[in-house]
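Me: I would like to learn how to read salt bridges in a model. Please take me through the one shown here.

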Amino acid sequence: MYMAPKTDITRADILPMEEFVKLRKDKRAEVVAVKKNRRVGVGPFCTFYFENYATMWWQIHEMLFIEKGGEEQVADELAAYAPLIPKGRELVATFMIEVDDAKRRPAVLAQLTNIDQTIVLEFGPHKVRAVPEDDAERNREDGKTSAVHFLRFPFTAEQVAAFRAPGTRVLLAIEHPNYGHIAVLPDAVRDSLAADFA
C-alpha cells in the first residue's frame, strides 16, 4: 500500500529528550540507511544531501540533544529545518562545497560565486533548475560564495512522472564556468528521491 511522504514536521513530532535518548542508537542506524541513497557527489568538491522528513526529524533531535536548549530551542530548530522537507512536487537538497584544505578553501569559494544558480537535474527532455533558498545571502559582493547552500528543485506533474519512471537516467549537473561537472544518479538514489513526491 502506498503511503504518501510526510511533508511537514510540527511540535507534535518532537520527542521528549529522555525518550529520544533511549531510541537514539536505533534511530541513528535507520537514518544512516536512509541517507545512504540520498547523497550525490558532483566533481571533486561538491556534495548534495537530499533531505526529507526522516533526515530533518533526525537533524532537529540531534541539535536538541547536542545543544540542550530545551523547549525554548524547539521552535528555532523547527523554523530552521521544517522548510527543508519536500512539499510534494519538489526535491530539496543541502548543497555543500567541501574543501578539506583550510588554506585552499577561501580561494576555491572565491571562484564559485553564484554556483547555487547553476545547478540542474536533467532526465529525458526535462531540465529542472535548482532554486536557491532566499533565507540568507550566500554570495558576497567580493565574489566569495558560502560553503553551504539550500536548494529546491520544483517539478511539474509531467516531470514527476518522468523522473519516477523505472530506468530513467537522471543527471545532476553543475554548469558553473569554474566548476562544470556532472554525476549520474544511481538507480537506488533516483528511487529514493522519487519517493519524496506526494
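Reply: Start with the rule. A salt bridge is a side-chain nitrogen of Lys or Arg within 4 Å of a carboxyl oxygen of Asp or Glu. This is a predicted model, where local features need pLDDT of at least 70 and side-chain atom pairs count only at pLDDT 80 or more, while totals for chains, interfaces and linings use all residues. Residues are numbered from 1 along each chain as its sequence is written, and side-chain values use heavy atoms, with hydrogens and water left out.

Me: How many salt bridges does this rule give?

Reply: The count is 10.

Me: Which residue forms a salt bridge with K6?

Reply: D13 does, with the closest N and O atoms 3.1 Å apart. Now check burial. Buried means under 20% relative accessible area, exposed over 50%, and partly exposed in between (1.4 Å probe, protein chains only). D13 counts as buried because its relative accessibility is 17%. K6, at 43%, is partly exposed.

Me: What about D191 and R190?

Reply: They form a salt bridge, 2.9 Å between the closest N and O atoms. R190 has a relative accessible area of 3%, so R190 is buried. D191 is partly exposed, at 44%.

Me: Are R38 and D196 buried or exposed?

Reply: Both are buried. Their side chains meet in a salt bridge, 2.5 Å from N to O. The pair links distant parts of the chain, 158 residues apart. R38 lies in the loop between α1 (17–36) and β1 (39–42), and D196 in the segment after α6 (187–194). Helices (H or I, at least four residues) and strands (E, at least two) are DSSP runs, numbered from the N terminus.

Me: Which residues are linked in a network?

Reply: E90, E133 and R152, through salt bridges.
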